[in-house]
Amino acid sequence: FLQKQLLRGEYRALSMSEEMFAGFTAGGISGLPCCVLELTMIQQQRFGGTPINTIFRLYSTHGLSIILRGLGPSSGREAIFAAGYLGLSPQIERFFERRTNKGSKLGQLFGSLFSGILCAFLTHPLDTIKSCMQGDVDRHTYRGFRHTIKTIAEQGVISAGFSPSASIKTAAALDLSLSIPRLVASITPFFRGFGARAAIIVVCFNIFSECKLAFAHIFFPSAFSS
């Protein structure tokens, strides 16, 4: 739908920016149902119960607003994810094919690999923040979005043996050799599980490309008529 709105009746290929904008916007919108569904899933994994019972339990104890807990990182994650598989991956695939004159399979694999790893890198911190927020609906450890970022970073600093109260600026003034390891320690927790999730996204992007090629003739036969 968004791609058609961008074309405005023109018969041409979308530019890279148009494809990514359409994917980013659609993904951001899809963050809403993803937020509700994943909140339900995480709460079920922690406390059991059916999906309906879980939603009613959350509503009765925390009110309607709790259903949207983690919406910001959820929408951001889905926006980048959709821009990757709907915009970036196809563009890389076509670029690779034009430059190398190789078959579509190789270009498809390269596009899925590059865009999948990049999107995993950009979205994994958001996924970590969202999961922490949705796992702690009582806000005992993770309050809002900013507080969750601060808490996760401090957990990494403490686990690495640094003092959470000392700022990076103070550490740099005292000893530059300590400031960089401390900064790395604060970032590391946001990327726990990155390898497995990156592999999943690469596989998903490749499957999406395969489905696009398989079903394009069925859903858009006019585009392939001679």
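Mentor: Start with a definition: helices (H or I, at least four residues) and strands (E, at least two) are DSSP runs, numbered from the N terminus. By that rule the protein chain has nine helices and zero strands. This is a predicted model, in which local features need pLDDT of at least 70, side-chain atom pairs count only at pLDDT 80 or more, and totals for chains, interfaces and linings use all residues. Residues are numbered from 1 along each chain as its sequence is written, and side-chain values use heavy atoms, with hydrogens and water left out.

Trainee: Why is Glu 78 called buried?
Mentor: Buried means under 20% relative accessible area, exposed over 50%, and partly exposed in between (1.4 Å probe, protein chains only). Glu 78, in helix α4, has 13% relative accessibility, so Glu 78 counts as buried. Of the 226 residues in the protein chain, 36% are buried.

Trainee: Which residues does Glu 78 touch, not counting residues up to four places away in sequence?
Mentor: Contact means heavy atoms within 4.5 Å. Glu 78 touches Gly 27, Gly 28, Ser 30, Gly 31 and Cys 34.

Trainee: How do you know that the span of helix α4 agrees with its number of residues?
Mentor: The expected span is 1.5 Å times one less than the number of residues. Helix α4 (residues 71-100) has 30 residues and should span 44 Å; its end C-alpha atoms are 42 Å apart, so the two agree.

Trainee: Where does α4 bend?
Mentor: At Gly 84, by about 40°. The bend at a residue is the angle between axes fitted to the seven residues ending there and the seven starting there.

Trainee: What makes Arg 143 exposed?
Mentor: Its relative accessibility is 52%, which is over the 50% limit, so Arg 143 counts as exposed. Arg 143 sits in the loop between α5 and α6 (145-159). Leaving out residues up to four places away in sequence, Arg 143 touches Arg 69, Met 133 and Thr 148.

Trainee: Why is Leu 118 called partly exposed?
Mentor: Its relative accessible area is 33%, between the limits of 20% and 50%, so Leu 118 is partly exposed. Leu 118 lies in helix α5 (residues 104-135).

Trainee: What do Phe 110, Phe 114, Leu 118, Phe 121 and Leu 122 form?
Mentor: These five residues form a nonpolar patch on the surface, with about 460 Å² of accessible area together. Accessible areas come from the Shrake-Rupley method with a 1.4 Å probe; for residues, only the protein chains shown count as cover. Like charges are joined within 9 Å, and nonpolar side chains (Val, Leu, Ile, Met, Phe, Trp, Tyr) within 5 Å.

Definitions and conventions: Patches are made of residues with over 30% relative accessible area and no salt bridge: like charges are joined within 9 Å, nonpolar side chains (Val, Leu, Ile, Met, Phe, Trp, Tyr) within 5 Å. A salt bridge is a side-chain nitrogen of Lys or Arg within 4 Å of a carboxyl oxygen of Asp or Glu.
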